[in-house]
Amino acid sequence: MRRLNSIKENDKQKNLIEIFVNEIYTFNKAHNIVGRQTKEEIYSLDILDCKSIIQYIPPEKNVLDIGSGAGLPGLLIAILQPRSHVTMSEKIEKKAYFIKKTIHTLKLANVKIINEAITRETKNKKRFDIVTARALAPAKKIIDISEQLLAKNGKYILMKGSKKKIHEEVAQLDNNKYSCNIHKTYIKDKSRHILEITKK
């Protein structure tokens with residue numbers, strides 16, 4: 001797989017990921033921001049899952065993560081791509097608070113959180129090279145609310161489930177306007193795929 005073998009976190013990044021998992025686990029016990037019961041579940045079902053997106057995000061890019069939830073994949077991108085700048089959008093206040101708190105705890109300077117939903121009216125001074133989301137909404141809806149934020153040569157890198165479901169979503173897009181590639185992730189025993197959408 002593309003760049004997969006070269007994506008190796010260093011000791012600092014491993015430590016940041018471990019702290020991140022601990023932060024999710026502790027906060028989740030009181031505020032229920034992810035449906036996980038143990039740190040092992042968080043690592044195997046969330047961290048490993050989100051690591052699969054990194055190989056499709058080149059370094060030093062301006063990234064928007066829509067509907068970041070507990071900071072996934074946005075915070076992981078910020079940790080593993082320290083020369084990229086990540087903007088995270090999360091409309092639920094307790095989740096946005098958790099992300100802000102975790103950014104401070106991890107001392108990450110390349111990421112910020114906005115506590116609001118992305119809509120067609122959302123503006124940003126600088127457009128994004130990559131727009132990502134994890135199991136947020138159908139691809140067409142994500143494009144509809146964020147296309148004005150995508151840079152000229154930008155891409156959507158969306159975390160999705162089964163290939164059948166992705167083909168249904170792709171069928172809703174204008175193939176004269178967009179080209180799509182579906183990538184199988186390395187997550188074992190899981191029907192997980194990455195949908196890459198480029199504007200023609």
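Visitor: Why is the crossing of α1 and α4 called right-handed?

Guide: A crossing is right-handed if the near helix is turned clockwise from the far one by less than a right angle, and left-handed if anticlockwise; the crossing of α1 and α4 is right-handed. This is a predicted model, where local features need pLDDT of at least 70 and side-chain atom pairs pLDDT 80 or more, while totals for chains, interfaces and linings use all residues. Residues are numbered from 1 along each chain, and side-chain values use heavy atoms, without hydrogens and water.

Visitor: What describes the packing of α1 and α4?

Guide: Helix α1 (residues 11–31) and helix α4 (residues 93–106) pack at an angle of about 145°, with axes 11 Å apart. Axes are lines fitted to C-alpha atoms over the stretch in contact, and angles run from 0 to 180 degrees between N-to-C directions. Contact means heavy atoms within 4.5 Å, and residues making this one include Leu-16 and Phe-20 of α1 and Tyr-97 and Phe-98 of α4.

Visitor: What makes β1 mostly covered?

Guide: Buried means under 20% relative accessible area (1.4 Å probe, protein chains only), and 5 of the 5 residues of β1 (residues 62–66) are buried. Asn-62, Leu-64 and Ile-66 point one way, Val-63 and Asp-65 the other.

Visitor: How do you know that β1 and β2 pair?

Guide: Pairing takes at least two bridges found by DSSP. β1 and β2 (residues 85–89) have 5, in the parallel sense, so they pair. Asn-62 has His-85 as its bridge partner in β2.

Visitor: How do you know that β1 and β4 pair?

Guide: 3 bridges join β1 to β4 (residues 128–134), so these parallel strands pair too. Thr-132 in β4 is the bridge partner of Asp-65.

Conventions
Buried < 20%, exposed > 50% of the residue type's maximum accessible area, 1.4 Å probe, protein only. Helix = DSSP H or I, 4+ residues; strand = E, 2+ residues; numbered from the N terminus.
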